[in-house]
Amino acid sequence: MTEPHSHTLRAETIRGSGLYNKDLAPVASERRRWRTYNYAALWISMSVNIPTYMLASGMIAGGMNWKQAIATVFLGNVVVLIPMLLNAHAGAAYGIPFPIFARSSFGVLGANVPAVLRALVACGWFGIQAWVGGEAINAMLMALVPVWKNFALGLPLCFFAFWLLNVFVVLRGVNTIRFLQGITAPFLLAIGLVLLLWARHRAGGFGPMLAAPSKFQSFGEFFRFFVPALTGVVGFWATVALNIPDFTRFAQSQRAQMLGQALGLPAPPRRIEGFDISNISGTFAVASMSVSKTAGRTAPTIAGSK
């Protein structure tokens, strides 16, 4: 008679503590529904977006050829996978989010510091993503409705619309995120393939798309560009590696999250960045942009259009 009562009092005491709220509480086993596919889809969904195109295009524009760019992305993803899996273990084992996991290193009160710092970085990154998304919507509207470019508030409205759509999804909860990622992952891969075929057609084949050589004349010259490029890839995912328990606390098992992440990072992002880099190389060719310089002279421009 007294044992169940003591457990009830203990639960009430925990819930009444200022250190407890339902968002930080361990996820119950019946709510842990994320499988291997969900984690693979998570990484595919996060890898196919305009900022990853910008990351890849920076490497090509900086002088790398497509092989060097893909190798740099692959190595960066392998590097970030190690702390990703290490931090993910606690989330799957105990169902706890990053702010709780941080208490083991920083203490109960000290954990508020990395949690707040991570939140501030997330707010900044969300702002960047929302602005890029708003720019994309604005560009599509200008293409579909040419008079839209005369509307002075067009871009801010597109930014706010994209921001509002994301906030709506977040407020719906993690299950909505899981559902959308499961649908969008194969769709985004299909769109990437369509863009690749478009670039191939406009550039006149894969040859012109991938013919641009590296502009680096020595290993030292390449290495000076490679190090910041690799740092950029690692930094792109480093914050997610920090708070990955926020996702893995919903895992059905350790195997599900580890296998899903091992399959989703770095393998698919490498293929996705291959799409990105090929598309970007094709776009450079279509736009008749100079892609390399050799022996102090500009190489002939590869053109796929008039």
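This is a predicted model: local features need pLDDT of at least 70, side-chain atom pairs count only at pLDDT 80 or more; totals for chains, interfaces and linings use all residues.
Residues are numbered from 1 along each chain as its sequence is written, and side-chain values use heavy atoms, with hydrogens and water left out.

**Helix α4**
- Helix α4 covers residues 66–94, and its 29 residues reach 42 Å from first C-alpha to last, close to the 42 Å expected at 1.5 Å a residue.
- Helices here are DSSP runs (H or I, at least four residues), numbered from the N terminus.
- Shortly before the proline Pro83, α4 has a kink of about 25° at Leu81; that bend is the angle between axes fitted to the seven residues ending there and the seven starting there.
- Just after α4 comes Gly95, with a positive phi of about 70°.

**Aromatic rings**
- The structure holds 15 aromatic pairs: rings of Phe, Tyr and Trp (its six-membered ring) with centres within 6.5 Å, called stacked if the planes are under 30 degrees apart, edge-to-face if over 60 and tilted for the rest.
- Phe160 and Trp163 are stacked, at 5.8 Å centre to centre and 20° between the planes.
- These two, Phe160 and Trp163, sit 3 residues apart in helix α8 (residues 154–172), so about one helical turn separates them.
- Phe160 is partly exposed at 46% relative accessible area, and Trp163 is partly exposed at 31%.
- Both Phe216 and Phe222 are buried (buried is under 20% relative accessible area, exposed over 50%, partly exposed in between, with a 1.4 Å probe and protein chains only).
- One aromatic cluster is formed by Phe216, Phe219, Phe222, Phe223, Phe225 and Phe226.

Key
The expected span of a helix is 1.5 Å times one less than its number of residues.
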